[in-house]
Every structure is written in structure tokens, then in C-alpha cells.
Amino acid sequence: MYFVDRTAVVLKPTANFLAWLKQTDENMPDLTLEQIRSNCSVFLVPQFDEPEAVVSYFDERYQTIFEAEISSWDIPRSQWPADMGLKAFWEYFEVEIHDMVFDMEEAGLNITPVFDNMM
């Protein structure tokens, strides 16, 4: 087991995100907040001493993260939220911060750009 010099941040959708998601498609399954929060995106960010620093880090990158999260649901751009500003981001998501990150494997990590695979 190896300590990883990163902070893990779980990005969890809120009820506002679920409300938006449900209105995008009348054939959308009847999802619950619990269901969409059960398998969330996890971001490895630099280590920070304070949770507020993690939030600031996300503030600086919210647009890219917001677009990645929305596009992962395969929703046409024409149905994306009209407001994708910083305030809207924090209304749609909350973070859970974990500063103890361990790697259980000796094998190296494969790093693949996100947007090359999603868009």
C-alpha cells in the first residue's frame, strides 16, 4: 500500500442537479438523488491544508468540471443548463473531501485525457 500525495474529492450531485436532469428527457428513468449520488466522480487534486483551499481550486476549474459532468449524461448541448456559472455549479454539486489517499497496487497509473473520450 502506498500513500498518494493527492486529496480525493468526490463531486456529488444535489437535488437541483436531479431536477434539471429529470426535465431534460421525458423518457428519463425515475432516478432518485440517492441513486445518482451512489457512483460519483472522484477528482485527485493537490494536497491542501484547508478544505476551503480545495473549494477555491474547484472554483478556478468549475467550468471544465461542470461541462464534463453534464456531458457524461449524454444530454445534447441544447438542453444543458442556461446558467453554467460558478453559482450554478455549487447549486448543482457539493464536494466531499478526503485527504488520506492510498494506492493498493504497485503498477503505474494510466492517465488518459477526459475530453478526448467524452466529446
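Which residues does Phe17 touch, not counting residues up to four places away in sequence? In this predicted model, the partners of Phe17 are Ile36, Ile70, Trp73, Tyr92 and Phe93. Phe17 also belongs to the largest nonpolar core, which has 24 residues. Together with Phe58, Phe66 and Phe89, Phe17 touches the most other members of that core. At least two core residues come from each of strand S2 (7–13), helix H1 (15–23), helix H3 (51–71) and helix H4 (86–92). Helix H3 gives the largest share, with seven residues. As a general background, nonpolar side chains tend to be buried together in soluble globular proteins.

Attention now turns to the charged side chains. Six salt bridges are found when the whole structure is searched. One of them pairs Glu96 with Lys12, with the closest N and O atoms 2.9 Å apart. This pair links distant parts of the chain, as Glu96 lies in strand S4 (residues 93–98) and Lys12 in strand S2, 84 residues apart. Lys12 counts as buried because its relative accessible area, 17%, is under the 20% limit. Glu96, by comparison, is partly exposed at 31%.

Asp30 and Lys22 meet through their side chains at 3.6 Å, N to O. Here Asp30 is exposed, with a relative accessibility of 67%, while Lys22 is partly exposed at 36%. The side chains of Arg61 and Glu60 form another salt bridge, at 3.1 Å from N to O. In this pair, Glu60 is exposed with a relative accessible area of 63%, and Arg61 is partly exposed at 33%.

Methods
Residues numbered from 1 in each chain as written. Predicted model: local features only at pLDDT ≥ 70, side-chain atom pairs only at ≥ 80, totals over all residues. Heavy atoms only, no water. Core = buried A, V, L, I, M, F, W, Y, C linked by side-chain atoms within 4.5 Å. Buried < 20%, exposed > 50% of the residue type's maximum accessible area, 1.4 Å probe, protein only. Helix = DSSP H or I, 4+ residues; strand = E, 2+ residues; numbered from the N terminus. Contact = heavy atoms within 4.5 Å. Salt bridge = Lys/Arg side-chain N within 4 Å of Asp/Glu carboxyl O.
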